[in-house]
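Reader: I have just opened this protein and would like to go through it step by step. Could you help me read it?

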Amino acid sequence: MQVTRVLHTVDAGVAHLTLNRPEALNALTPDQRDLLVELLAGASADPDVRAVVLTGTGRGFCAGADLRGGAAGGERVAGDVARMIRTGAQRLIAAVLDCEKPVIAAVNGTAAGLGAHLALACDLVLAAESAKFIEVFVRRGLVPDGGGAYLLPRLVGPRRAKELMFFGDALSAADAERIGLVNRVVPDAELDKTAREWAARLAAGPTRALALTKQLVNASLDGDRTAAFAAEAAAQEINMTTADAREGVRSFVERRSPEYRGR
């Protein structure tokens, strides 16, 4: 029954993934998490999907992992925790980072713990004015999971990342925008409209070029200049075989707007 708590529609080239457990601020169950991974992989492979929007219903974007199932208790065997993290939270964040289509997070409310990292793994982040971001782990005596210690320093630097993770204070949408965690803050009533507008622009773009650009940017902070330049050259080589690249050059020469088909 839990797997039905992720709403999934595709409209005009955009896959809309909506967490739908408003009574729990969209805290993720293992079934929901696995379904999100599956849907993101499907969007990545589907040529008719050219952008993804991830959001939630109610007052919360995602309150993190649902711990009410007893995940924090009981006797453990050595290796259990690491295995659970690898196949759970880390697998979900990797699915967002590795999706070959641009992913927009439309953060409609509280994004806490894994929920915050789920939003921050997206390529673009829109936040409603009422949204909050909380590194809640320290409040529970836990170490951040879901790639938080990987994502946050790359977005805001190590000192700011430590401040957020050490204190666990709620960060307003306005402050999240100020320090570079989100792209734009909009009135609550305009969040869906803005997300749809941004997704429509991405869906009309050169899909393979966007995928390769995403790959280059995501890898840019993990390697040296030589590796980055080699990856850039390889991406250019791959992209120049696409119909969209040829259309982009042709439309420039012919002085008209390009019509990209995602191919």
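This is a predicted model: local features need pLDDT of at least 70, side-chain atom pairs count only at pLDDT 80 or more; totals for chains, interfaces and linings use all residues.

Reader: What radius of gyration does the protein have, and what would a compact globule with 263 residues have?

Author: For 263 residues, a compact globule would have a radius of gyration near 18 Å, and the value for the protein agrees with this. The C-alpha trace spans about 65 × 45 × 35 Å along the principal axes. The radius of gyration of the protein itself is 19 Å.

Reader: What percentage of the residues count as buried?

Author: A residue counts as buried when its relative accessible area is under 20%. Applied to the 263 residues of the protein, this gives a buried share of 44%.

Reader: Where do the buried residues of helix α5 lie, seen down its axis, and which helices are included in what covers them?

Author: Helix α5 covers residues 148–156, and its buried residues are G148, L151, L152 and V156. Seen down the axis of α5, these residues fall within an arc of 90°, so they line one face of the helix. What covers them includes the helices α3 (89–98), α4 (114–120) and α6 (158–167).

Reader: Which residue follows α5, and is its phi positive or negative?

Author: The residue that follows α5 is G157.

Conventions: Residues are numbered from 1 along each chain as its sequence is written. Side-chain values use heavy atoms; hydrogens and water are left out. The radius of gyration is taken over C-alpha atoms; the globule rule is 2.2 Å times the number of residues to the power 0.38. Buried means under 20% relative accessible area, exposed over 50%, partly exposed in between (1.4 Å probe, protein chains only). Helices (H or I, at least four residues) and strands (E, at least two) are DSSP runs, numbered from the N terminus. The arc is that of the directions from the helix axis to the C-beta atoms. Contact means heavy atoms within 4.5 Å.
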